Amino acid sequence: MASLDRVKVLVLGDSGVGKSSLVHLLCQNQVLGNPSWTVGCSVDVRVQDYKEGTPEEKTYYIELWDVGGSVGSASSIKSVRAVFYNSVNGIILVHDLTNKKSNQNLYRWSLEALNKDSSPTGVIVSNGDYDREQFAENSVPLLLIGTKFDQIPENKRNEVLTRTAFLSEDFNAEEINLDCTNPRYLAAGTSNAVKLSRFFDKVIEKRYFTRDPSQMTGFTDRKRFNFKSLHYD
């Protein structure tokens, strides 16, 4: 593995949303038979062919850092997680499509990762207007993935997908909705597979083909991002 260049991508979201199952599917192309709670952080690796099918094609390793999703407000928990937020090149935000609270908490997770020196306490911030323009300036590529798509009742799907579309717009990120127990959602040629490849290519491009120094050192030298207040209906 040392012979290939690599990038580091955080996988963030609440406990139970299916991050470990997602990472296993992305890296092994297999369903994780018996997922367990992640304590601390678990790292797996995916091979990505950057600009596949073009003269610029090159193979990279994508390190996917599955960070344990305990919400706790204790400073010790936040301090431990902050260690994993160093030198990050991209972030996958994962939420459970059947759990509205996990959707809302993605704002907290993004704040914690992007402002690791002043991470929030785990309290959901609500009742206000989300300042979308500030996040539009974020230079770290983001991808929004909703899990348990198969568990949404047919009569609720339009409502849920409308909500996730607003979420995607807030984060200025593409969205993928899937069932981690069914590999066909990421089958080659599908729109989900195209979005995923496009995201990883963007992460690689930002890391290796940009002159922005913040992409070489992680988050420490970037502008601090703030949500004035958040409202989520």
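A salt bridge joins the side chains of Lys148 and Asp96, with a distance of 3.3 Å from N to O; the term denotes a side-chain nitrogen of Lys or Arg within 4 Å of a carboxyl oxygen of Asp or Glu. Lys148 is partly exposed at 23% relative accessibility, while Asp96, with a relative accessible area of 6%, is buried. Burial is assigned under 20% relative accessible area and exposure over 50%, with partly exposed residues in between (1.4 Å probe, protein chains only).

The structure is a predicted model, in which local features require pLDDT of at least 70 and side-chain atom pairs count only at pLDDT 80 or more, whereas totals for chains, interfaces and linings use all residues. Residues are numbered from 1 along each chain as its sequence is written, and side-chain values use heavy atoms, with hydrogens and water left out.

The protein chain contains 7 helices and 6 strands, where helices (H or I, at least four residues) and strands (E, at least two) are DSSP runs numbered from the N terminus. The order of these elements from the N terminus is β-α-β-β-α-β-α-α-β-α-β-α-α. Of the 233 residues in the protein chain, 50% are buried. When contacts (heavy atoms within 4.5 Å) between residues at least 6 apart in sequence are considered, 74% join residues at least 24 apart. The protein chain exposes about 11,300 Å², of which 48% is supplied by carbon and sulfur atoms. These areas come from the Shrake-Rupley method with a 1.4 Å probe; for residues, only the protein chains shown count as cover.

The largest nonpolar core holds 31 residues, and the members touching the most others are Val9, Leu22, Leu64, Ile92, Leu178 and Phe200. Such a core is a set of buried Ala, Val, Leu, Ile, Met, Phe, Trp, Tyr and Cys residues joined through side-chain atoms within 4.5 Å. At least two residues of this core come from each of strand 1 (6-12), helix 1 (19-28), strand 3 (58-67), strand 4 (90-96), strand 5 (142-147) and helix 6 (191-208). With neighbours within four places in sequence set aside, the contacts of Ile92 include Val9, Leu22, Leu64, Leu143, Ile145, Phe199 and Phe200. A second, separate core comprises 20 residues, among them Leu12, Phe84, Leu114 and Phe171.

Across the whole structure, 9 salt bridges were found. In the one between Arg81 and Glu112, the closest N and O atoms are 2.6 Å apart. Arg81 is located in helix 2 (residues 75-84) and Glu112 in helix 3 (residues 100-114), so the pair ties together parts that are 31 residues apart in sequence. Glu112 also meets Arg108 in a salt bridge (3.7 Å, N to O). Arg108 and Glu112 are 4 residues apart in helix 3 and are therefore separated by about one helical turn. Arg81 is buried, as are Arg108, at 4% relative accessibility, and Glu112, at 0%. Together with Asp14, the residues Arg81, Arg108 and Glu112 are linked in a network of salt bridges.

With a disulfide taken as a pair of cysteine sulfur atoms within 2.5 Å, the count is 0. Cys41 is partly exposed at 22% relative accessibility, whereas Cys180 is buried with a relative accessible area of 8%.

The search of the whole structure also gave 7 aromatic pairs. Rings of Phe, Tyr and Trp (its six-membered ring) pair if their centres lie within 6.5 Å, and planes under 30 degrees apart count as stacked, over 60 as edge-to-face and the rest as tilted. The ring centres of Tyr50 and Tyr60 are 5.9 Å apart and the planes stand at 85 degrees, so this pair is edge-to-face. Tyr50 in strand 2 (residues 41-50) and Tyr60 in strand 3 are 10 residues apart, and their pair links distant parts of the chain. Tyr50 is buried with a relative accessible area of 4%, and Tyr60 is buried with one of 1%. For Phe199 and Phe200, the ring centres are 5.4 Å apart with planes at 50 degrees, and the pair is therefore tilted; both residues are buried.
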